[in-house]
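I keep these entries as a record of what I looked up in one structure. Each entry takes up one topic.

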Amino acid sequence: MERRKFIKKSTVISLSSLLGANVVFGRNLPVGYGLLGLQDPDPFKMFNKTNEMIILNDNPWNLESRAHLLDDTITPNNVMFVRNNGKIPENINKDSWSVHFNGESAVHEKTYTLRELKTRFKEYTYQLTLECGGNGRSEFNPPAKGNQWGLGAISCASWTGIRLKDVLEDVGVKDSAVYIGYHAADKHLSGNPSKEPISRGMPIEKAYQDETLLAFKMNGEAIPLVHGYPLRLVAGGWPASVSGKWINGISIRDKVHDGAKMNGDAYRVPCNSVAPGTVVKDEDMCIIESMPVKSLITYPKSGAILKSRKNLEIRGHTWAGELEVVMIECSIDFGATWIKCKLEKPINRLAWQHFSTEILFPQKGYYEVWAKATDSQGVSQPMIVPGWNPKGYLNNACHRIAIKVE
Ligand SMILES: Nc1nc2c(c(=O)[nH]1)N[C@H]1C(S)=C(S)[C@@H](COP(=O)(O)O)O[C@H]1N2
Ligand SMILES: [Mo]
């Protein structure tokens with residue numbers, strides 16, 4: 001009878017260090033046995049995220065944050081949402097990375113290495129709000145297909161890079177230019193190399209804004225791979241799909257860019273509002289530009305219990321696409337009355353703003369705290385899910401949290 005072979009003690013020790021835990025019955029492991037704990041790709045470890053994030057999809061990877069995780073004034077990497085349309089590029093070499101500029105409205109075709117971009121152009125740092133156009137999609141009825149985002153597809157990190165406009169001017173832009181389109185290194189899920197998973201862009205005016213960056217740092221460090229290393233576009237205040245990750249090409253177009261996800265229902269909504277469920281003709285759909293006014297209560301966590309009747313601090317962030325938020329109010333009586341909260345100015349254009357207030361609840365019981373922001377054009381957040389659209393974009397309904405006072 002053949003004796004079963006068991007793995008060596010030294011192998012058990014190295015497995016334990018990989019797992020971060022002692023393999024207690026390691027001496028019973030036969031040679032060649034694959035430990036489950038090692039086989040599972042752990043997205044939290046892989047992407048350096050807290051395991052409180054919500055996995056919406058693993059092919060492609062999509063992870064959502066939660067309101068209470070987003071309490072920091074600047075969103076750290078470990079709680080920043082992840083949105084991918086294709087396969088994350090592998091084996092990126094920053095030393096050979098380059099970006100090719102072309103298009104009908106480019107005076108010259110030109111290729112820059114990443115090093116040239118970093119050394120030839122001036123560096124800027126801005127805090128920029130990136131919200132997925134589909135943030136809040138899960139609340140639409142009839143439901144919309146796609147990742148069922150709740151509240152957590154929003155971030156405001158500090159981005160460092162060069163201005164897209166500086167590079168565009170160096171390339172030379174013809175008067176005929178109306179749009180730029182981006183190209184990136186991620187691969188289509190089908191595996192077809194001639195298909196791009198996403199190739200969106202922005203009007204030339206947005207490309208020329210001071211804050212529109214080709215960024216190579218996030219929160220002072222190299223951008224994490226999943227967020228676009230080594231170079232990404234950041235166009236704050238617009239649906240984050242405009243902020244292409246892993247950028248290796250920019251086309252200067254004489255028409256609206258027609259890359260992947262620029263047409264049909266993708267990142268487009270009915271130009272005029274429609275009844276829920278309506279089939280909308282292609283020519284009646286408009287590309288989403290500046291995102292609507294919105295806010296998020298990040299402290300306390302919904303469901304918090306106050307052990308006695310005392311002042312409770314409420315705080316969070318608010319943003320309004322390209323506009324500023326000028327007022328934010330809270331209600332503890334289901335919207336019957338509202339109190340104004342303290343509101344900070346944005347640190348720079350297109351950064352989210354912080355708000356806070358203190359609430360003394362009148363008596364024991366169950367409450368909801370609602371927050372409602374108003375932008376500089378006098379437009380406020382709706383109480384309920386607004387404007388149905390086929391893909392469930394732009395849900396900026398008020399955020400509510402539950403509080404129990406004992
Ligand atoms: N190359 C590339 N860029 C991309 C995407 C993508 O799939 N590929 N997704 C876009 C979308 S839809 C969003 S919401 C943001 C998400 O950025 P994040 O994953 O860094 O949070 O990246 C955008 N840029
Ligand atoms: Mo998105």
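**Entry 1**

In what order do the strands of the open sheet of 3 strands lie, and is the pairing parallel or antiparallel? I read the order as β1-β2-β3, with antiparallel pairing. I note at the outset that the model is predicted. The edges of this sheet are β1 (54–58) and β3 (82–83); each has a single partner strand, so one side of each is left without a neighbour in the sheet. I then looked up the pairing of β2, residues 61–64, with β3, and found 2 bridges in the antiparallel sense. At the level of residues, asparagine 62 has arginine 83 in β3 as its bridge partner.

**Entry 2: ligand 1**

A backbone N or O atom of arginine 83 lies 3.0 Å from an oxygen atom of ligand 1. I next looked up two side chains. For histidine 227, an N or O atom of the side chain is 2.7 Å from an oxygen atom of the ligand. For lysine 245, the corresponding distance from a side-chain N or O atom to a ligand oxygen is 2.6 Å. On its own, ligand 1 has 530 Å² of accessible area, and the protein covers 99% of this. I recorded 18 residues around the ligand; the closest are Asn85, Asp186, His227, Arg232 and Lys245.

**Entry 3: domains**

How is the protein chain divided into domains? I noted domain 1 (2–39), domain 2 (54–287) and domain 3 (294–405). Between domain 2 and domain 3, the C-alpha centres lie 27 Å apart. Their contact takes 47 residues from domain 2 and 30 residues from domain 3.

**Entry 4: histidine 317**

I looked up histidine 317, which is found in strand β18, residues 312–319. Is histidine 317 buried or exposed? I recorded a relative accessible area of 1%; the residue counts as buried because this value is under the 20% cut-off. Leaving out residues up to four places away in sequence, histidine 317 touches a run of Leu70, Asp71, Asp72 and Thr73, together with Ser295, Leu296 and Thr298, and also Trp352, Gln353, His354 and Phe355. With aspartate 72 I noted a polar approach: its backbone oxygen lies 3.2 Å from a polar atom of the histidine 317 side chain.

**Entry 5: strand β19**

How many residues of β19 (residues 325–331) are buried? I counted 5 of its 7 residues as buried, and the strand is thus mostly covered. I then looked up its pairings. Strand β23, residues 365–375, runs antiparallel to β19 and is joined to it by 6 bridges. Within that pairing, glutamate 329 stands opposite lysine 372. Strand β20, residues 339–340, also pairs with β19 in the antiparallel sense, over 2 bridges. Here cysteine 330 is the residue opposite isoleucine 339.

**Entry 6: serine 16**

My last entry concerns serine 16, in helix α1, residues 9–19. Serine 16 has a relative accessible area of 12% and is therefore buried, the cut-off being under 20%. Apart from neighbours within four places in sequence, I found serine 16 in contact with Ala21, Asn22 and Val23.

Definitions and conventions:
Residues numbered from 1 in each chain as written. Chains lettered and ligands numbered in written order. Predicted model: local features only at pLDDT ≥ 70, side-chain atom pairs only at ≥ 80, totals over all residues. Heavy atoms only, no water. Helix = DSSP H or I, 4+ residues; strand = E, 2+ residues; numbered from the N terminus. Buried < 20%, exposed > 50% of the residue type's maximum accessible area, 1.4 Å probe, protein only. Contact = heavy atoms within 4.5 Å. Pairing = 2+ DSSP bridges. Near = heavy atom within 4 Å. Polar contact = N/O pair within 3.5 Å; in protein donor to acceptor, adjacent residues only side chain to side chain. Areas by Shrake-Rupley, 256 points an atom, 1.4 Å probe, with all protein chains shown as cover. Domains from an automatic or database assignment.
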